[in-house]
Amino acid sequence: MVKDKIKALAKEYKSDIITLRRHLHAHPELSFQEYQTSAFVEEKLKSFGITQLEKKADTGIVALIEGRNPRAKVIALRADMDALPIIEQNEVSYKSTNSGVMHACGHDVHTASLLGAAKILNGIRDDFEGTVKLIFQPGEELIPGGASLMIKDKVLENPRPSGIIGQHVMPLIPVGKVGFRKGMYMASADELYITVKGKGGHGAMPETLVDPVLIASHMIVALQQVVSRNASPKIPSVLSFGRVEALGATNVIPNEVKIQGTFRTLNEEWRAKAHVQMVKIAKGIVEGMGGEVDFEVRRGYPFLKNAEALTERAQQAAISYMGEENVVDLDIWMAAEDFSYYTQEIDGCFYRLGTRNEAKGIVSGVHTPTFDIDEDALEIGAGLMAYIAVNELKS
Ligand SMILES: [Zn+2]
Ligand SMILES: [Zn+2]
């Protein structure tokens, strides 16, 4: 049976896939600068005998693995390749050698897993009908998102896949398990950059000043009503401010205060309304208190919706591959992912790969300097992706 074949190959290639992941982990590159990573992926694909490949969006790669009757159906598998500006604190043999850059979101795991899946699938081409399209994309971590650039560069054309599968590490889920969610899964994310301008001066003479610190404080509190009063309670929304910069002193009121925040939700119509409402409230408060405000909303990724039928089939494939007890249901997750751009074009399924191992002390979250994974996850990451693809081509 093809499932047993895939399982056996995933086991056989496991140590190779770990080696690939460790190489990628030791050589991380920032978003849209994945030149070495891209060359590495290309070289590996060619070494597996996968020669139908093309560069996209500068550092991205798309490749085809054709089974029997290649145009019967096309399914895409996606990995992201970029790392983050974080100084790694793990003391491991494969620690980052690129100072200040770290694979702290597991994109090394996604890339190595997809390379593993590619090697497996290329070895069993006679066992499936249709084509698997491999997508290695740049820049997931940075607006405008590598996915949007890959789509602009026609990654979903010629041939057009009927669906796309992506996986992401999840340090909350123990290694050996995976998680799925049908429908709404991840949030849209917009960046907020606000400057409140007043008139600074000596802190002892407030009557001669327009204090931007006090104005900004009122504005931050007032903006929360967008979430508590304007948003429907049925639509998840988050408004958070993580940076407030007022460079005065005990007795110095500054001229301006700079604020940065994020707005996230799961509904495009409400998202657009919320942008207007936030600016309106900010202007009302700030101008009412005698100041001025610059309010920039930098649009990030849209929400991510997993296609019902495709996700159901992928989840059933996972149950058949790993056993029901190892496939969990996911809750809504208010982080954002540029995989959402693909799901606006075609059916998508974005699932989670468990990487946690408390016994080994592997518990750190993504985007932290101590993030790591239990590498047993790579055998599943490669094998399951290959199996989901074959299963989907059969459906
Ligand atoms: Zn990330
Ligand atoms: Zn990520």
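**Helix packing and the zinc sites**

Helix 2 (residues 35-47) packs against helix 3 (residues 107-123) at an angle of about 15 degrees, and their axes are 10 Å apart. The axes are lines fitted to C-alpha atoms, for helices over the stretch in contact, and angles run from 0 to 180 degrees between N-to-C directions. Helix 2 is therefore roughly parallel to helix 3 (angles under 35 degrees count as roughly parallel, over 145 as roughly antiparallel, 65 to 115 as roughly perpendicular and the rest as oblique). Helices (H or I, at least four residues) and strands (E, at least two) are DSSP runs, numbered from the N terminus.

This is a predicted model, in which local features need pLDDT of at least 70 and side-chain atom pairs count only at pLDDT 80 or more, while totals for chains, interfaces and linings use all residues. Residues are numbered from 1 along each chain as its sequence is written, chains are lettered from A and ligands numbered from 1 in the order in which they are written, and side-chain values use heavy atoms, with hydrogens and water left out.

Helix 2 contributes Phe 40, Val 41, Lys 44 and Leu 45 to the contact, and helix 3 contributes Thr 111, Leu 115 and Ala 118; contact means heavy atoms within 4.5 Å.

Helix 3 also carries His 107, a residue that is paired across the chain with His 168 in strand 5 (residues 163-174), 61 residues apart. Donors are N, O and S atoms within 2.8 Å of the metal (3.2 Å for Na, K and Ca); water is not among the atoms, so sites may look incomplete. His 107 and His 168 are buried (under 20% relative accessible area, with exposed over 50% and partly exposed in between, for a 1.4 Å probe and protein chains only).

Cys 105 bridges this zinc ion (ligand 2) and the zinc ion (ligand 1), which lie 3.2 Å apart. Glu 141 sits in the loop between strand 4 (131-137) and helix 4 (146-152), and His 367 in the loop between strand 16 (347-356) and helix 9 (377-394), 226 residues apart. Glu 141 is partly exposed because its relative accessibility is 22%, and His 367 is partly exposed at 40%.
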